[in-house]
Structure formats: structure tokens, C-alpha cells
Amino acid sequence: MLVANSFLSEFSGRRVMLTGHTGFKGSWLAYLLKEAGSEVLGYALPPEYPESHFELLGLNRCIRHIEGDIRDAGKLAETMRDFAPDVVFHLAAQALVKRSYNDPKTTFDTNVGGSVNLLEAVRACASVRSLVFVTSDKCYENVEWVWGYRENDRLGGHDPYSASKAAAEIVFSAYSRSLFSDRPALGVASARAGNVIGGGDWAADRIVPDCIRALRNGQPIRLRNPAATRPWQHVLEPLAGVSAPCDQAAKSSFVVFRRVEFWPLGFRREDRERCRRADSCRFWFWLY
């Protein structure tokens with residue numbers, strides 16, 4: 001696949017473990033890594049939606065597929081130890097804002113506690129040379145300004161989901177600067193993606209999947225916030241970003257970034273304007 005060859009070619013022959021591979025971004029990344037020639041192991045809960053991208057691609061037949069919960073510290077650590085990956089991508093999360101209001105405890109247990117379990121597993125696994133810890137641009141305190149957030153902007157969160165992502169970033173920073181300080185051969189980075197669209201996203205309360213479900217069912221499209229401006233990214237854009245810390249692996253023993261880096265995967269301001277008319281998303285139907 002041309003896309004895989006273009007930004008993941010350096011992963012050919014590498015042992016790569018990723019969490020959350022049954023989800024939207026995770027299934028895309030697992031597929032692209034497999035196409036690039038990586039030996040891939042995915043660790044995640046079963047797919048949540050009947051038309052999941054994971055099942056559509058038949059990924060359970062293409063990669064090593066382990067069903068597990070990142071809240072299960074023992075199983076996660078054992079899986080990583082047995083596989084002995086070179087690279088770890090952490091994408092598993094409770095990723096829905098509305099669900100975080102309905103079940104804040106599970107959101108914090110997964111996004112904070114599960115992330116601690118992942119970091120502990122990496123800490124105990126000497127084979128890992130690179131860790132990319134994927135969170136969200138919701139980790140920033142929303143101060144309602146017009147430009148994008150930078151890696152050094154203040155963390156925070158009004159809702160449980162955003163707060164859990166900010167907390168996960170603080171945990172990651174603590175591990176990176178202290179508990180990984182005795183691992184000079186380990187490079188770590190966090191990547192913070194924004195609003196992502198593309199084939200394979202069937203999550204509830206997201207505008208494009210909601211439009212597609214309405215069209216399929218012959219129902220009117222109802223927009224929750226029709227005046228909102230959404231800085232959308234196609235799924236391949238943040239995935240190119242999360243692989244960037246490792247994309248020169250073959251040239252530098254797979255440690256190609258500073259000890260701790262924070263990568264906000266943002267958008268150009270002019271790209272935001274094309275998404276202002278949310279009702280145009282009905283045309284995304286033809287992309288699914």
C-alpha cells in the first residue's frame with residue numbers, strides 16, 4: 001500500500017505492539033504497519049461496533065491479536081514481555097466525551113490507570129526502544145482562543161474525558177523524566193491528535209458517523225452544534241504524525257527523538273474554514 005510505504009517504511013521487520021488496535025485509529029495503524037512489513041501485535045478489547053474497521057479488514061488473521069483490557073496490569077505486562085517489541089504505540093482509551101459524563105470512573109480508570117499499567121509494562125520490558133503515547137488535544141485547558149494549542153500550553157479539562165487525558169499526560173511526563181531516566185536507549189514521545197474523520201469510524205455522537213446512520217435509515221440529519229467550527233483531520237494525517245518520532249529508526253538504532261517530546265498534531269488555520277458548514281458532512285457518506 002502506497003501510504004504505508006511512504007511514512008512507515010522504516011518499520012519493516014520491526015516488532016511493534018500497539019494497544020487499542022480494534023478501535024478507529026488503532027485499526028488503521030495496525031493495518032498500515034502490517035502493510036509496511038512490521039511484525040504487529042495488538043492488545044485491545046473486542047471491537048465495539050458491528051461494522052468495525054478491524055473486522056472489515058480481517059486484522060485478526062493478519063496480525064497477532066490479543067483481546068485484553070489495559071486495566072488488567074498483569075495480562076498487559078505478560079503480553080508485552082512475551083512479545084518483546086521494539087516499538088510500542090499506546091492508543092487504547094475510553095475516547096468519547098459524552099460517555100465520560102455517564103461513566104466517569106471507567107473513563108479515569110482506563111485513560112489514567114490503564115496508561116499507568118502500560119507505562120509499567122514498558123518499564124519492565126527491556127526490549128522496548130521507542131514508545132509513542134497517544135492522547136488528545138482535549139488535554140489542553142480550553143481557553144476559547146482562535147489558534148491551535150502548542151505543546152507547552154496549560155493542561156486541564158472541564159469534562160471527565162478531557163481531564164483524564166490531561167492527567168494521563170502528567171503521568172507520562174513523570175515516568176519519562178524520572179522512572180525512565182535509567183533507560184538511555186529508550187526514546188519516548190506523546191502525540192496529541194484532534195478531531196479525526198475517515199472510513200471505519202462508527203462511534204456514537206460523532207458527526208460523520210451520525211450523518212451516515214441517519215442517511216442509511218432514511219432519517220433527517222440532526223446537528224447538535226450547527227454553528228460550531230470543527231478542525232477535522234483525516235485519519236491518515238495524525239497517524240503519519242504519531243509515527244514521526246520513529247520514522248528514521250533504521251538510521252539511529254530506533255531512538256530518533258529526545259528523551260521526552262510532546263507532539264501536538266494540529267491543523268493549519270485555513271483548513272478549519274472548510275469544515276465550518278457542518279451540514280456538508282452528508283457528502284462524507286460516499287467515503288464510507
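Helices (H or I, at least four residues) and strands (E, at least two) are DSSP runs, numbered from the N terminus. The model is predicted, and local features need pLDDT of at least 70, side-chain atom pairs count only at pLDDT 80 or more, while totals for chains, interfaces and linings use all residues. Residues are numbered from 1 along each chain as its sequence is written, and side-chain values use heavy atoms, with hydrogens and water left out.

**Strand E4 and its partners**

- From strand E4 (residues 87-90), Val 87 and Phe 89 point one way and Val 88 and His 90 the other way, and all are buried (under 20% relative accessible area, 1.4 Å probe, protein chains only).
- Strand E1 (residues 15-19) runs parallel to E4 and is joined to it by four bridges, where pairing requires at least two DSSP bridges between two strands; Met 17 stands opposite Val 88.
- E4 also pairs in the parallel sense with strand E5 (residues 130-136), over four bridges, and Val 132 in E5 is the bridge partner of Phe 89.

**The largest cavity**

- The largest cavity holds about 40 Å³ of space, a cavity being a set of points on a 1 Å grid over the protein atoms alone where a 1.4 Å probe fits but cannot get out.
- Its lining, made of residues with an atom within 4 Å of a point, includes His 90, Asn 111, Phe 133 and Lys 165.
- Helix H6 (104-123), E5 and helix H7 (160-179) are the elements that give two or more residues to this lining, and E5 gives the most, with three residues.

Terms used
Buried < 20%, exposed > 50% of the residue type's maximum accessible area, 1.4 Å probe, protein only. 1 Å grid on protein atoms, 1.4 Å probe; cavity = no way out; pocket = protein on both sides within 12 Å on 5 of 7 lines; lining within 4 Å. Points joined across faces, edges and corners; volume = space filled by probe spheres on them.
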